[in-house]
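Please look through the sequence and the model below before reading on. The report that follows moves from the chain as a whole to a sheet and then to the aromatic rings.

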Amino acid sequence: VTNPGENLFPGQTYTNAATIKNTGTENAYVGAIITITGTDIGTVLSTSSDTDKIPVAIQELFVGLGADGYTVKYVAETNSYKVYVVKTDAIAATVEANLFTQINIPAQWNNAEMKTFVDANISVVAYAVQEEGFTDAVTALKTAFATSGWENYPTN
């Protein structure tokens, strides 16, 4: 994901798709960990939306997150979110799957909320492991990348 810098404003849609592509020759289970860090990021983001949409749901911010056959789980803390995105079925060689299609900045965010978000860091790290030898994507990712953050994958 390219950082748009300080050119963001409330109500803006920032087209910046994040995809995972299986560049190998075998079917692969794929997933990603999206990490959002920033001081008080929990004041503007949540795992689910409330009535005034502040904090905004992560799936409203990242348009299309959870579509295309992905399961989405979260670990939320005051100054960070980890969003685990796992494609349920393996993807074939050379196939590309969307994580999300764009970032939608909520129109209701004020200057303080925008500052919190603009000062935040968003990291998207994709992972892939061959389908052969595994029965499901989560087991494959937790086994192959046991010390890369997947050991903290939420069980609920």
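## Burial, strands and rings

Tyr153 has a relative accessible area of 9%, and because buried means under 20%, this residue counts as buried. This value, like the others in this report, is computed from a predicted model.

**The chain as a whole.** The protein chain contains three helices and 11 strands, and reading along the sequence gives the pattern β-β-β-β-β-α-β-β-β-β-β-α-β-α. The chain has 156 residues, of which 40% count as buried, while its accessible surface comes to about 7,800 Å², with 46% of that belonging to carbon and sulfur atoms.

Strands of a sheet pair through backbone hydrogen bonds, and the pairing can be either parallel or antiparallel. In this model, three strands form an open sheet in the order E1-E10-E6, and their pairing is antiparallel. Strand E1 (13-14) and strand E6 (62-63) are the edge strands, since each of them pairs on one side only. Between E6 and strand E10 (residues 102-104), which run antiparallel, there are two bridges, and Phe62 stands opposite Ile103 in E10.

**Aromatic rings.** A pair of aromatic rings is described by the distance of the centres and the angle of the planes. The structure holds seven aromatic pairs. In one of them, the rings of Tyr84 and Tyr153 have centres 5.5 Å apart and planes at 85°, and because planes over 60 degrees apart count as edge-to-face, that is the name given to this pair. The two partners come from distant parts of the chain, with Tyr84 in strand E8 (residues 80-87) and Tyr153 in the segment after helix H3 (137-144), so that 69 residues separate them.

| Residue | Relative accessible area | Class |
|---|---|---|
| Tyr84 | 1% | buried |
| Tyr153 | 9% | buried |

Which residues do ring pairs link into a cluster? The members are Tyr84, Tyr127, Phe145, Trp150 and Tyr153, so the edge-to-face pair of Tyr84 and Tyr153 described above belongs to this cluster.

A ring may also have a charge over it, as the model shows for Tyr70: the charged end of Lys87 sits over the ring of Tyr70, at 5.5 Å from the ring centre.

Notes. Residues numbered from 1 in each chain as written. Predicted model: local features only at pLDDT ≥ 70, side-chain atom pairs only at ≥ 80, totals over all residues. Heavy atoms only, no water. Phe/Tyr/Trp six-rings, centres within 6.5 Å; stacked < 30°, edge-to-face > 60°. Helix = DSSP H or I, 4+ residues; strand = E, 2+ residues; numbered from the N terminus. Buried < 20%, exposed > 50% of the residue type's maximum accessible area, 1.4 Å probe, protein only. Lys NZ or Arg CZ within 6 Å of the ring centre and 35° of its normal. Pairing = 2+ DSSP bridges. Areas by Shrake-Rupley, 256 points an atom, 1.4 Å probe, with all protein chains shown as cover.
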